Amino acid sequence: MSILQLTGGWIEVIAGVMFSGKSEELMRRVRRAMIARKRVQVFKSHLDDRYAGLFAVSSHDGRSVEAIPVDSSAQIAARIDPMAHVIAIDEAQFLDEGIGNVATSLAVRGRRVILAGTDTDFRGEPFGPMPRLLAIAEVVDKLHAICVLCGAPACRNQRLIFGEPAAWDSPVIMVGAKDTYEARCRACHVVVRGNAAQAGLGI
Ligand code: ADP
Ligand code: ZN
């Protein structure tokens, strides 16, 4: 279904691995909505502070919108501008399951809701509320990055702790930890089985 054919409210999800361009695509859609003179609100999950303060979208007519940092779906519900036509939410994977109901109630009330999020965690397993969001959305786009090892389309987040592939049972979210991520294809993606202590990763 084309977005152009949708009327009333609806939900769009932009899914994919890290570095696949989800934020770029979200900003592109926000910018175009602003060009169409829609009132837009952007939210961004707090946990990801890599781009804190950098997420501001400007249109060519000089208007701009800054992302509102949030920790929960309830905070989004509480801060909705009743005049907004478009609600964009980045890093949706870090939010709680309630985001599905918030998105649905906004869509029912005629809003266009755009959510961008990483759909799988470092193990390749579904991430947080993303499976439900993908199921209830009218429009889903799955983006890919480039595998840093072989150059194929990348669909997995490779997690490295001190440069080594992370163990299966290391916590999904380690705020401030010395872990890094890179985009890889399924064939190049490595998850160390067994417990983290046995793997000698010190976590
Ligand atoms: P996401 O929101 O999906 O994490 P961003 O929109 O923040 O992605 O960033 C996408 C940009 O990341 C690309 O346009 C590209 O410049 C850069 N990038 C870095 N590493 C890669 C990679 N391995 N594959 C593709 N793009 C990459
Ligand atoms: Zn690869």
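How many of the 7 residues of strand β6 (residues 112-118) are buried? Keep that in mind as you look at this predicted model; here are a few friendly notes.

1. Let's start with the strand itself. In β6, 7 of the 7 residues are buried, so the strand is largely enclosed by the rest of the structure.

2. Strand β1 (residues 10-16) runs parallel to β6, and 7 bridges join the two. One pair to find is V13 with its bridge partner L115 in β6. Strand β5 (residues 86-90) is also parallel to β6, with 4 bridges between them. Here A88 has I114 as its bridge partner in β6.

3. Next, the metal site. The zinc ion (ligand 2) is coordinated by the SG atoms of C147, C150, C185 and C188, at 2.3 to 2.4 Å. Angles between the 4 donor atoms are 100 to 119 degrees, which makes the arrangement tetrahedral. Along the chain, the donors follow the spacing C-x2-C-x34-C-x2-C.

4. C147 is in the loop between β8 (145-146) and β9 (153-154), and C188 is in the segment after β12 (179-184), so the pair ties together parts that are 41 residues apart in sequence. With a relative accessibility of 2%, C147 counts as buried; C188 is buried too, at 17%.

Technical notes:
Residues are numbered from 1 along each chain as its sequence is written. Chains are lettered from A and ligands numbered from 1 in the order in which they are written. This is a predicted model: local features need pLDDT of at least 70, side-chain atom pairs count only at pLDDT 80 or more; totals for chains, interfaces and linings use all residues. Side-chain values use heavy atoms; hydrogens and water are left out. Buried means under 20% relative accessible area, exposed over 50%, partly exposed in between (1.4 Å probe, protein chains only). Two strands pair if DSSP finds at least two bridges between them. Donors are N, O and S atoms within 2.8 Å of the metal (3.2 Å for Na, K and Ca); water is not among the atoms, so sites may look incomplete. Four donors count as tetrahedral if all angles lie between 85 and 135 degrees; four count as square planar and six as octahedral if opposite donors are over 155 degrees apart and all others between 65 and 115; anything else is irregular.
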